[in-house]
Every structure is written in C-alpha cells, then in structure tokens.
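Student: I would like to go through this model and ask what lies behind the terms used for it.
Tutor: Go ahead; each term will be set against its cut-off.

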Amino acid sequence: MNIGAVALSVTGTQDAGSPDTSSIIAAIRQLRETGGGLPSERELAGKLNVKRHQLRKALDQLRKSGDIEPSRRAAATRQPRHNEDLVRVTNPLEVIEMRLILEPSFARLASLRASSLDIAQITQWSTTRADDKPDEVDLNFHLAVAAAARNHLAHDLFVMLRQIGVDARMRVARATPATCPTRIAQRDQEHQRIAEAIASRDPEAAEAAMRAHLLLVQRRIIERSNAGLAAA
C-alpha cells in the first residue's frame with residue numbers, strides 16, 4: 001500500500017475535503033502497519049490531503065490511546081514544574097517512599113492497559129546500551145511505565161516527584177558510581193523483569209517486580225545516607 005492509496009481512502013469517505021477524524025485515524029494506522037515511521041505533521045497532512053487541524057485532532061486521539069508516541073513539545077509542556085519549597089523540605093528517603101506507594105500500582109496498571117507501543121518503549125528502556133547515559137535510561141524506563149498506566153493525574157504527580165528526586169540538591173553520596181558496569185547490569189535485570197511481566201500482561205508479577213526493584217533502591221539510599229552520617 002502506498003501513501004497515495006491512503007490519501008484516496010481518506011478523502012473518499014465523506015464530502016470532498018471533509019474527512020472525519022475516524023477515517024484519518026484509520027489511514028494513519030494503515031501507514032503505521034507498513035512498518036515505516038510517520039513523516040512530519042505538515043508532510044503527513046499534505047500526503048493525506050487533510051487540513052492540519054483535522055490531522056491534529058486525529059493524532060491527539062492516537063496519542064491518548066497509546067498508538068503513537070506523544071509529541072516532544074506536548075511532553076515538555078505537560079511536565080509540571082516542581083515547587084522549590086518541596087526540594088528544601090523533603091529528602092531522598094521520602095521520595096523513594098512515595099515511589100514505593102505509586103510505582104508498583106503503575107506497573108500493575110501498565111500490564112493491563114499498555115499498548116504495543118508502550119510495551120516496546122518500556123522494553124527499549126529496560127536495557128542500557130554502550131552509548132547511553134545510565135541515569136537517563138533509568139528515568140525514561142520509569143516514566144514509560146508510568147505513562148503506560150494511562151492515568152493522567154497520577155502520571156503528572158509522578159513526573160513532579162521524579163523532578164524533585166533528580167534535583168542535584170537531593171543527591172546523596174554514592175557508594176558506587178552511577179556508571180559502574182556491575183550496578184548498571186543489575187539494574188537492567190531488575191528493569192527487564194518488570195518489562196517482561198508487563199509484556200506478559202501479568203499484573204501480580206509486574207507489581208511485585210517493581211516493588212522488589214524499588215526496595216533495593218531504598219536500601220542503597222539508606223546505606224549511602226548512613227555512610228554520609230558516619231563520615232560527618
């Protein structure tokens with residue numbers, strides 16, 4: 001199937017120049033099935049012979065359903081700015097306690113609600129490659145799981161929590177560097193167990209794997225905090 005055929009299928013569904021959103025969505029899904037990525041919004045509107053506002057409405061619905069990735073601009077504007085006061089009054093232990101409350105539930109919901117694209121992204125970020133920045137991979141993995149839970153309010157609260165957690169003022173001295181190959185390999189294994197449970201649609205296993213992972217993170221934070229106190 002080619003782009004031209006898709007464009008004809010869109011414009012032929014209603015009066016000329018007035019395709020409905022569902023027909024545009026169907027055409028975009030057909031394009032995705034060919035295995036290629038989608039072009040820019042401007043190019044896609046031209047090839048499908050639809051207005052930009054019509055295309056945006058269809059793309060928004062596809063993003064909400066998890067069929068396509070969120071736009072970079074939308075992702076940036078959705079992230080709430082964390083409050084400076086929160087950084088001053090909290091600490092890493094409080095952050096990980098909140099993560100233990102939220103993230104196991106996210107993993108459970110993701111196993112039930114994740115789209116195929118969500119699962120692909122979670123799986124992708126569960127492994128750290130040679131040219132990756134380990135901290136970014138870790139953050140992206142957990143954000144992908146949170147997004148796949150399909151709860152917008154909880155997701156935004158989690159984004160705020162992680163923004164606070166990665167603030168430089170919240171860091172405690174590490175016993176091993178963030179780039180330690182052994183530590184990275186261990187974390188990847190923990191992430192992969194979570195990803196496999198989500199991909200298998202196993203909510204109990206996904207929740208348990210996430211909780212086990214975060215309990216290990218909590219233990220390392222406590223060890224680093226105690227080491228800092230001893231040094232002082």
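Student: Where is V137 found, and how do you know that the stretch is a helix?
Tutor: V137 is in helix α9. Helices here are DSSP runs of H or I with at least four residues, strands are runs of E with at least two, and both are numbered from the N terminus. This is a predicted model, in which local features need pLDDT of at least 70 and side-chain atom pairs count only at pLDDT 80 or more, while totals for chains, interfaces and linings use all residues. Residues are numbered from 1 along each chain as its sequence is written, and side-chain values use heavy atoms, with hydrogens and water left out.

Student: Why does V137 count as buried?
Tutor: Buried means under 20% relative accessible area, exposed means over 50%, and partly exposed is in between, with a 1.4 Å probe and protein chains only. V137 has 2% relative accessibility, so V137 counts as buried.

Student: What does V137 touch, beyond residues up to four places away in sequence?
Tutor: V137 touches W125, T127, T128 and D132, where contact means heavy atoms within 4.5 Å. V137 and D188 are 51 residues apart in sequence, and their C-alpha atoms are 9.5 Å apart in space.

Student: Why are α9 and α11 called roughly parallel?
Tutor: Axes are lines fitted to C-alpha atoms, for helices over the stretch in contact, and angles run from 0 to 180 degrees between N-to-C directions. Angles under 35 degrees count as roughly parallel, over 145 as roughly antiparallel, 65 to 115 as roughly perpendicular, and the rest as oblique. α9 and α11 pack at about 15°, with axes 12 Å apart. The two helices are therefore roughly parallel.

Student: Which residues make the contact of α9 with α11, and how do they divide by class?
Tutor: P134, D135, D138, F141, H142 and V145 of α9 meet I184, R187, H191, I194, A195 and I198 of α11. The classes come to 7 nonpolar, 2 polar and 3 charged. Ala, Val, Leu, Ile, Met, Phe, Trp, Tyr, Cys and Pro count as nonpolar, Asp, Glu, Lys and Arg as charged, and the others, Gly among them, as polar.

Student: What makes α8 roughly antiparallel to α11?
Tutor: The angle between α8 and α11 is about 165°, and their axes are 9 Å apart. That angle makes α8 roughly antiparallel to α11. I119, I122, T123 and W125 of α8 make the contact with H191, A195, I198 and A199 of α11. By class, the residues of this contact are 6 nonpolar, 2 polar and no charged.

Student: Which residues of α8 are buried, and what covers them?
Tutor: L117, D118, I119 and I122 are buried in α8. The cover includes α2 (21–33), α9 and α11.

Student: What makes a set of residues a nonpolar core?
Tutor: The members must be buried Ala, Val, Leu, Ile, Met, Phe, Trp, Tyr or Cys residues, joined through side-chain atoms within 4.5 Å. The largest such core has 31 residues, of which F106, I122, V145 and I198 touch the most other members. α7 (92–113) is among the elements that give two or more residues to this core, and the largest share, 7 residues, comes from α7.

Student: What is F106 in contact with, leaving aside neighbours within four places in sequence?
Tutor: F106 is in contact with V145, A146, A149, A154, H155 and F158. A second, separate core has 14 residues, including I25, A27, L55 and I68.
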